[in-house]
Amino acid sequence: MDFLKSIAIAASGLRAQAGRMRVISENIANSDSVAQTPGGDPYRRRIPTFRSELDRSLEARVVALGQVRTDPGDFQIKYQPGHPAADAAGNVKYPNVNPLVEMTDMRDAQRSYEASINVIGATRRMITRTLDILRG
Amino acid sequence: MAISDIPIFAMLRTRMQWHQERQRILAENVANADTPGYRPNDLVEPKFNLPPPGPGSGPGPLQLARTDPAHIAGSTAAPQFPSNSRLYQVRPAGNAVSLEDEMLKVAANQMDYQAATSLYSRSLGLIKTAIGRMG
């Protein structure tokens with residue numbers, strides 16, 4: 001049935017957005033993770049990517065979470081001579097995670113997730129209407 | 001005589017299939033709302049009041065007259081069917097899906113589908129009335 005295909009496509013969107021949320025929460029959780037060794041590199045921000053792939057059984061382009069890339073941006077450097085991860089000059093590298101960017105990204109993921117949920121709800125109501133014909 | 005031989009049921013069934021197909025395409029658009037380079041699709045609304053395209057089905061589009069054989073023929077032929085691939089905005093990643101627009105379309109599709117199924121039930125009721133109450 002074609003309506004079930006619509007639901008499956010929307011579910012692929014839900015899965016992809018949930019994977020994106022996982023990467024975002026990883027970034028936020030690690031926003032203060034510094035290196036274990038003095039002068040080493042801290043956590044590097046990760047960026048989720050999406051790709052559209054053709055699902056042959058659904059005959060439609062579903063969405064999937066692609067490779068998770070790392071952000072090549074510069075680390076934040078703070079002068080903390082007493083810190084165990086500080087280099088010879090007393091500087092500590094902090095991750096290149098900007099909480100504001102992560103929050104905005106999270107809202108965007110949430111919005112797309114809700115849109116997919118809406119599609120599933122509308123499709124379900126359409127199926128219910130079809131079954132209502134039987135009841136007459 | 002099968003019930004699908006009655007024209008109104010055949011028409012409503014085609015309409016419902018169209019909505020089903022459209023729902024699939026809209027779901028595809030929403031799922032790919034963050035895929036770089038994705039362009040949304042939509043089905044063209046079926047038009048019953050337009051004559052079918054083809055030769056001899058009307059005067060055809062106006063042609064510009066050429067007063068000199070060296071002139072380049074101007075083409076004024078309008079597209080036969082309106083395309084629904086309107087793009088509101090293309091984001092820097094090349095994605096042109098507008099979630100608000102897609103939500104509107106999903107809601108409209110659902111309501112139109114509901115109208116079709118209601119008409120189907122009503123038509124079934126008419127047939128039941130015609131058969132009459134037995135027993």
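In this predicted model, Arg20(A) is joined to Asp34(B) by a salt bridge whose closest N and O atoms lie 3.1 Å apart. Across the interface of chain A and chain B, two salt bridges are found, together with 12 residue pairs in polar contact, both residues being at pLDDT 80 or more. On the side of chain A that touches chain B, helix 1 (2-29), strand 2 (50-55), strand 3 (60-65) and helix 2 (99-135) of chain A each supply at least two residues, and helix 2 of chain A gives the most, with 14 residues.

The extent and make-up of the interface are set out below.

| Item | Value |
|---|---|
| Residues from chain A in the contact | 35 residues |
| Residues from chain B in the contact | 29 residues |
| Area buried between chain A and chain B | about 2,600 Å² |
| Share of that area from carbon and sulfur atoms | 60% |

Within chain A, the residues that lose the most area to chain B are Met126(A), Arg129(A) and Ile133(A), which together account for 24% of what that side buries.

The largest nonpolar core has 22 residues, and those with the most contacts inside it include Ile9(A), Val119(A), Val30(B) and Val106(B). Helix 1, strand 3 and helix 2 of chain A, along with helix 1 (7-31) and helix 2 (99-131) of chain B, each give two or more residues to this core. Leaving aside residues up to four places away in sequence, Val119(A) touches Ala10(A) in chain A, and Gln23(B), Ala27(B), Val30(B), Met103(B) and Val106(B) in chain B.

Terms used:
Residues are numbered from 1 along each chain as its sequence is written. Chains are lettered from A and ligands numbered from 1 in the order in which they are written. This is a predicted model: local features need pLDDT of at least 70, side-chain atom pairs count only at pLDDT 80 or more; totals for chains, interfaces and linings use all residues. Side-chain values use heavy atoms; hydrogens and water are left out. Contact means heavy atoms within 4.5 Å. Buried area is the accessible area (1.4 Å probe) that two parts lose on being put together, summed over both. A salt bridge is a side-chain nitrogen of Lys or Arg within 4 Å of a carboxyl oxygen of Asp or Glu. A polar contact is a pair of N or O atoms within 3.5 Å; within protein, one must be able to donate a hydrogen and the other to accept it, and residues adjacent in sequence count only if both atoms are side-chain atoms. Helices (H or I, at least four residues) and strands (E, at least two) are DSSP runs, numbered from the N terminus. A nonpolar core is a set of buried Ala, Val, Leu, Ile, Met, Phe, Trp, Tyr and Cys residues joined through side-chain atoms within 4.5 Å. Buried means under 20% relative accessible area, exposed over 50%, partly exposed in between (1.4 Å probe, protein chains only).
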